[in-house]
Number of protein chains: 2
Amino acid sequence: GAAPAAGHGGGWTLSVILCVNILILGAALISCSAVNGAAVTPVHRQIFLIVLLSLTILWMLFYTIFTRRAVSSKDSHAGPLWLRVGLVLFGLLSLIMDMFMIANYSGRLHCDSPVKVAFPCIQAVFIFFQTYFLWIHAKDCVQLHKDLTRCGLTVTLSCNLVLWMSAVVEEYNHHTDAPENLTVRSIQRASFGDHKCKCSFTSCGVFKEAYYYLYPFNIEYSLFASAMAYVMWKNVGRLAEEHAHQRPKFRVKDVSVGPVAGILLVLTGLATFIVYEMQVVEEEQKNTALLIHFITNIVIVSLMSVCTAAGCLLFCLDQRPHVREDNPTRGLDVGLLVGASMGQLVISYFSVVALAAEGAEGHVNSLNLAWAVLTVVQLGMQNLFVIAGLHREPYQESRAPGTGANGTALSPVRKRRKRSFSLAACRHGINWKRRLLKEICVFVLLANIILWIMPAFGARPQFDQTVEIHFYGFTMWAAIVNIGLPFGIFYRMHSVASLFEVYLIV
Amino acid sequence: GAAPAAGHGGGWTLSVILCVNILILGAALISCSAVNGAAVTPVHRQIFLIVLLSLTILWMLFYTIFTRRAVSSKDSHAGPLWLRVGLVLFGLLSLIMDMFMIANYSGRLHCDSPVKVAFPCIQAVFIFFQTYFLWIHAKDCVQLHKDLTRCGLTVTLSCNLVLWMSAVVEEYNHHTDAPENLTVRSIQRASFGDHKCKCSFTSCGVFKEAYYYLYPFNIEYSLFASAMAYVMWKNVGRLAEEHAHQRPKFRVKDVSVGPVAGILLVLTGLATFIVYEMQVVEEEQKNTALLIHFITNIVIVSLMSVCTAAGCLLFCLDQRPHVREDNPTRGLDVGLLVGASMGQLVISYFSVVALAAEGAEGHVNSLNLAWAVLTVVQLGMQNLFVIAGLHREPYQESRAPGTGANGTALSPVRKRRKRSFSLAACRHGINWKRRLLKEICVFVLLANIILWIMPAFGARPQFDQTVEIHFYGFTMWAAIVNIGLPFGIFYRMHSVASLFEVYLIV
């Protein structure tokens with residue numbers, strides 16, 4: 001693998017092949033241990049993961065010591081703050097999860113494999129290192145050891161994706177443990193060791209409960225790290241031109257209706273969410289809780305759809321020039337946004353088909369159907385709105401034809417003067433379109449926050465009513481939801497960040 | 001959808017959103033009818049497909065009448081001949097399949113839904129139109145009605161992918177009908193209508209057998225059409241610079257050992273393939289047939305691995321300049337190659353894990369394991385070799401540093417003179433490296449042909465031995481093979497074309 005590479009040379013190919021191979025081998029191992037737990041035990045899977053994690057840690061050490069000195073160029077768009085802060089947050093929660101796992105399995109060392117203690121230890125080291133590594137180096141455009149760096153980054157990427165798959169399967173096993181009448185043969189086999197081997201501490205059960213509760217955050221961590229490693233991989237060898245990338249300052253003064261309405265929406269959403277979480281555990285109040293939850297969601301999603309549709313229309317009316325230059329990081333960003341929205345789309349469409357086929361009888365089912373349909377509409381409109389917004393040039397007053405072309409040639413000082421002039425113009429109420437767009441941005445941003453909070457903190461209406469579970473069988477429905485929902489959560493966070501950027505651009 | 005678009009504007013976003021939505025809705029409908037055949041019958045699925053097919057046909061008509069006049073620029077790399085010929089070939093076989101389907105279901109009109117006759121009729125019209133459309137327009141870089149064309153192309157793309165999914169499920173249903181002791185509950189439900197309703201002709205059974213035999217070709221057709229629609233979609237709005245793209249002529253004189261060895265390999269492969277096909281149907285000779293098949297494949301794959309490894313080494317030694325310019329069509333081509341290789345990789349890795357976990361006892365199993373491992377190695381090496389080869393500048397004699405940079409500035413005449421000079425030099429045996437690379441190309445190309453023939457004409461060793469079936473369960477293993485194998489077949493054809501190109505470049 002010492003091919004001298006330029007552009008898409010030998011190192012690029014090798015890194016892609018490496019990534020594909022690790023991913024497929026990981027998928028094969030993990031689905032084996034899910035389907036046939038007797039032949040491929042979790043211990044086998046964890047040994048594979050330990051090897052992978054150690055390799056990645058070694059490469060990150062190598063990078064930190066040897067390669068990073070040669071990094072001259074940085075991509076200012078890559079690794080935005082929200083992504084890095086999210087990574088650290090989820091990383092911390094994952095570390096806590098690993099502590100609980102270590103505590104739980106070290107109480108079973110006398111009768112269970114030591115690998116089950118070793119794995120969370122290595123994982124904790126890995127998460128600590130990787131979070132540090134990505135925080136510092138997410139913006140790097142590597143110019144030295146390009147082949148090795150490409151391979152290292154794809155190993156990191158595939159390592160995170162394999163960890164993600166593994167966590168999804170674990171989460172799924174936990175889900176299938178809970179409903180008594182729906183246990184699956186293979187699951188019992190998979191967690192066979194757990195049931196026979198008694199823990200020597202008394203507080204083991206608590207640890208176990210706790211770390212299962214933290215799994216979703218670990219899943220999010222893997223997705224965040226994968227996204228950042230992918231962007232770094234794309235940036236290897238790229239010479240990022242140093243834009244005097246001067247962001248327009250964030251000003252709340254320009255808007256009033258949007259934030260107020262948005263905050264009201266968030267508070268209402270929070271209140272109904274708490275009511276839902278308290279009522280849904282009691283069998284006789286379950287239906288009421290679901291009704292409340294669905295109605296709230298339908299209201300939120302409808303308002304968002306209307307607002308983003310109005311926003312798209314405004315963008316159409318607006319004759320501002322589009323961004324002409326081809327920005328690879330922006331392209332990646334848009335790709336991640338659309339890709340992540342597919343998680344929620346899959347859940348919604350599968351709901352729609354199941355509910356439509358069963359006839360959607362009763363209030364709960366018809367509301368669920370309406371929610372699913374409206375979610376699809378909302379996701380489409382929001383993607384259109386965000387992408388249209390991101391591809392505009394930042395606002396400039398003079399609209400004579402040709403401004404777009406010379407726009408980049410203006411000196412920063414002149415640019416700033418122009419912008420402050422345009423802001424002044426706006427404050428005097430000249431441009432109602434811009435103001436309306438800003439209001440819409442803030443409102444939709446806040447609505448996305450509440451739509452993020454609900455699933456992130458444990459709302460699972462998908463499992464609280466039975467139509468889909470009976471229609472697809474528990475196995476398939478749980479797989480769909482457990483794979484789709486983390487992407488949905490990632491999508492909401494990504495949307496918040498993108499809408500903030502659109503707000504600044506408009 | 002009237003957003004004025006430039007670059008990645010509104011039309012682009014809309015087309016992606018459209019594609020994602022159709023795909024996910026199609027996937028939901030199709031998996032419903034596979035999992036829960038009582039609620040979503042094949043008739044529902046076919047109505048959805050009829051709507052989709054009609055939309056696509058309408059758009060293609062619109063394009064042929066209004067848009068194509070405005071096409072000025074053509075991408076010479078897009079829609080290569082092998083892809084178009086393959087499309088026509090598989091299109092013809094799919095048309096025959098549709099005829100058989102119409103004949104079969106028109107004999108059941110008295111007791112079955114008329115949709116089952118309407119669907120193959122519409123599909124036949126669609127295949128006819130689309131094959132014509134793609135044959136003529138595959139190279140177009142559309143400049144007019146860009147938004148509409150983008151949306152039309154993604155509808156075409158998703159339509160083909162939904163047809164592919166549908167065909168895979170049908171094929172799977174047919175497979176699960178065959179083994180008596182492995183029938184699955186849901187499958188019986190899905191084909192419920194067929195068993196009750198008797199055909200009014202006597203030759204119905206023959207028609208049914210015949211069209212099930214033609215399904216794999218229909219699957220290939222969908223994959224080919226998807227690949228071409230995707231490339232067209234990527235080319236919308238692109239201004240392809242008119243290279244005086246002058247291909248070096250194909251000359252067989254330069255090589256001797258490669259073709260002879262390759263043809264010997266093909267003949268041996270064909271002979272053992274015929275023996276395998278004849279013996280595998282008889283229970284007592286099955287093991288011998290499998291042994292012969294596995295040994296042949298292992299020999300072929302090992303020879304290919306060694307050759308491509310040598311080829312990669314030669315490319316490393318060779319100091320010829322790499323292609324500097326960023327060619328989007330070439331990037332797509334490489335992406336399709338690596339993507340298609342994942343089909344075979346998935347099958348091989350799942351085999352490896354199952355066989356390794358079960359211990360691989362007996363000759364057949366250990367040979368199967370060896371075959372799977374060697375296939376993974378071969379695929380990796382071949383991808384490296386092909387991609388390295390495609391990224392070289394066509395051979396030029398003068399190797400002084402800097403030639404790569406001015407290479408494009410040379411006039412075609414001078415270039416041709418140079419090339420003929422270099423060919424003359426080669427004929428005199430000066431450059432053993434180039435000659436060896438050419439020999440390797442031809443040999444590996446022929447080996448890919450025999451590896452294409454075997455699965456394309458019905459070799460299914462994956463279902464002839466039981467380890468994987470028992471390990472994963474028939475459902476999962478059939479899904480893996482039925483999804484992976486068509487991509488594997490596509491990969492072999494694609495490799496043949498790419499290796500031919502590498503042969504010309506070297």
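Predicted model: local features only at pLDDT ≥ 70, side-chain atom pairs only at ≥ 80, totals over all residues.
**Figure 1. The fold of chain A.** Chain A has 506 residues, and 57% of them are buried. Its secondary structure comes to 18 helices and two strands.

**Figure 2. The interface of chain B and chain A.** On each side, 45 residues take part: 45 of chain B are in contact with 45 of chain A. Together the two chains bury about 3,900 Å². Carbon and sulfur atoms account for 79% of that area. Three residues stand out on the chain B side. Ile24(B), Tyr349(B) and Phe471(B) supply 14% of the area that chain B buries against chain A, more than any other three residues. Between the two chains, the count of salt bridges is zero. Two residue pairs are in polar contact across the interface, both at pLDDT 80 or more.

Figure 3. Helix 1 of chain B gives the most, with 16 residues. By class, this side of chain B has 33 nonpolar, 10 polar and two charged residues.

**Figure 4. The axis that relates the two chains.** The same surface serves both copies, and 100% of the contact residues of chain B recur in chain A.

**Figure 5. Tyr215(B) and its surroundings.** Tyr215(B) lies in helix 8 of chain B, residues 204-235. Its relative accessibility is 4%, so Tyr215(B) counts as buried. Leaving out residues up to four places away in sequence, Tyr215(B) touches Met97(B), Met101(B), Ala167(B), Glu170(B) and Glu171(B). Met97(B) is 118 residues from Tyr215(B) along the chain, yet their C-alpha atoms are separated by 7.4 Å.

**Figure 6. Pro455(B) in helix 15.** Helix 15 of chain B spans residues 432-456 and holds Pro455(B). Pro455(B) counts as buried, at 16% relative accessibility. Beyond its neighbours within four places in sequence, Pro455(B) is in contact with Arg460(B), Leu485(B) and Ile489(B). Pro455(B) and Phe273(B) are 182 residues apart in sequence, and 9.9 Å apart from C-alpha to C-alpha.

**Figure 7. Salt bridges within the chains.** The whole structure has six salt bridges over all chains. One of them joins Arg435(A) and Glu439(A), with the closest N and O atoms 3.6 Å apart. These two residues are four apart in helix 15 of chain A, so about one helical turn separates them. Arg435(A) is partly exposed, at 35% relative accessible area, whereas Glu439(A) is buried, at 10%. In chain B, Arg435(B) and Glu439(B) meet in a salt bridge of 3.5 Å, N to O. They too are four residues apart in helix 15, about one helical turn. Arg435(B) is partly exposed, with 37% relative accessible area. Glu439(B) counts as buried, at 9%.

**Figure 8. A buried salt bridge in chain B.** The side chains of Lys116(B) and Asp112(B) meet in a salt bridge, 3.6 Å from N to O. Both residues, Lys116(B) and Asp112(B), are buried.

How values were computed
Residues numbered from 1 in each chain as written. Chains lettered and ligands numbered in written order. Heavy atoms only, no water. Contact = heavy atoms within 4.5 Å. Buried area = accessible area lost by both parts, 1.4 Å probe. Salt bridge = Lys/Arg side-chain N within 4 Å of Asp/Glu carboxyl O. Polar contact = N/O pair within 3.5 Å; in protein donor to acceptor, adjacent residues only side chain to side chain. Nonpolar A, V, L, I, M, F, W, Y, C, P; charged D, E, K, R; others polar. Buried < 20%, exposed > 50% of the residue type's maximum accessible area, 1.4 Å probe, protein only.
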